[in-house]
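Here is a short note on helix packing in this model. Please read it with the structure open.

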Amino acid sequence: MFVGHYAVAYALKAKEPKASLGMLFIAVQFVDLLFFPFALMGIEHLNFVEGYTQVNNYQMEFPFTHGLAGSLVWALLAFVLYYFGLARKQDRRKGIAVVMALAVLSHWFVDLLVHTPDLPLWYGPPKVGLGLWQHKHLTFALEGLLLLAGWGYYMKRSQPKKRWGTFAAYALVFFLLLINYLNFYVLPQGEDLMGLTLSAVFTYLFFGLLAYGADRGRVAMGT
Ligand SMILES: [Zn+2]
């Protein structure tokens, strides 16, 4: 799952307006941000198997980043980082730390919808996954619909602060929907791990920056 993860970032931002949408965008992809470098370093594994699913060729071994237990640990770290660090001086530090942790944890549950049974609960079997990646068009549609649902909720709970605040929010979601389309139907499947790692890290951070920028034009409803 790719742009569908951002549905959770938008929804959590709507729930806790003091959290940063840019950081939420990064948090929902945090375990993927770790996975590619981990694969590059040989800590986890990514093999390319032609036709593995309809959506991609990735056969993955990733207990630390995509195990349920591992995800809980990363989420707990996010909570600690925000509660005792980044959000320490904010009056809503607990709310912020909780949504950041939930954002990190959400990745596993959203991935569960699409992955073949390769997501460990702990380390090794049993592994789970509902396998929507076996249906390319359905996965494409689900990613887009999820994104729109989360975004719609965020729009309902916020209002423009700057004149461009609504335009930028629409521009970002259209951009993400376009990326979703290109990703599924236009761009070639990369099979070079270094290239994939660089593009994944760049993409996730860049999208976080875009979300941060777009959200500066909006403010929570009623404030
Ligand atoms: Zn993932």
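1. The model is predicted. Start with helix 5, residues 68–86, against helix 6. Their axes come within 8 Å and cross at roughly 155°. Angles over 145 degrees count as roughly antiparallel, so helix 5 is roughly antiparallel to helix 6.

2. Which hand does the crossing of helix 5 and helix 6 have? Helix 5 passes helix 6 in a right-handed crossing.

3. Now the residues. From helix 5, the contact takes L68, S71, L72, W74, A75, L76, A78, F79, Y82 and Y83. Helix 6 supplies R93, K94, I96, A97, V98, M100, A101, V104, L105, H107 and W108. By class, this contact of helix 5 with helix 6 has 17 nonpolar, 2 polar and 2 charged residues.

4. Next, the other partner. Helix 1 covers residues 5–15, and helix 6 covers residues 93–114. The axes of helix 1 and helix 6 come within 10 Å and cross at roughly 155°. Helix 1 is therefore roughly antiparallel to helix 6.

5. The crossing of helix 1 with helix 6 is right-handed. On the helix 1 side, the residues are H5, V8, A9, L12 and K15. They meet V99, L102, A103, S106, H107 and V110 in helix 6. The contact of helix 1 with helix 6 divides into 7 nonpolar, 3 polar and 1 charged residues.

6. One residue deserves a look on screen. H107 of helix 6 is listed in the contact with helix 5, and H107 is also listed in the contact with helix 1.

Technical notes
Residues are numbered from 1 along each chain as its sequence is written. This is a predicted model: local features need pLDDT of at least 70, side-chain atom pairs count only at pLDDT 80 or more; totals for chains, interfaces and linings use all residues. Axes are lines fitted to C-alpha atoms, for helices over the stretch in contact, and angles run from 0 to 180 degrees between N-to-C directions. Helices (H or I, at least four residues) and strands (E, at least two) are DSSP runs, numbered from the N terminus. Angles under 35 degrees count as roughly parallel, over 145 as roughly antiparallel, 65 to 115 as roughly perpendicular and the rest as oblique. A crossing is left-handed if the near helix is turned anticlockwise from the far one by less than a right angle, and right-handed if clockwise. Two residues are in contact if their C-beta atoms, placed from the backbone, lie within 7 Å. Ala, Val, Leu, Ile, Met, Phe, Trp, Tyr, Cys and Pro count as nonpolar, Asp, Glu, Lys and Arg as charged, and the others, Gly among them, as polar.
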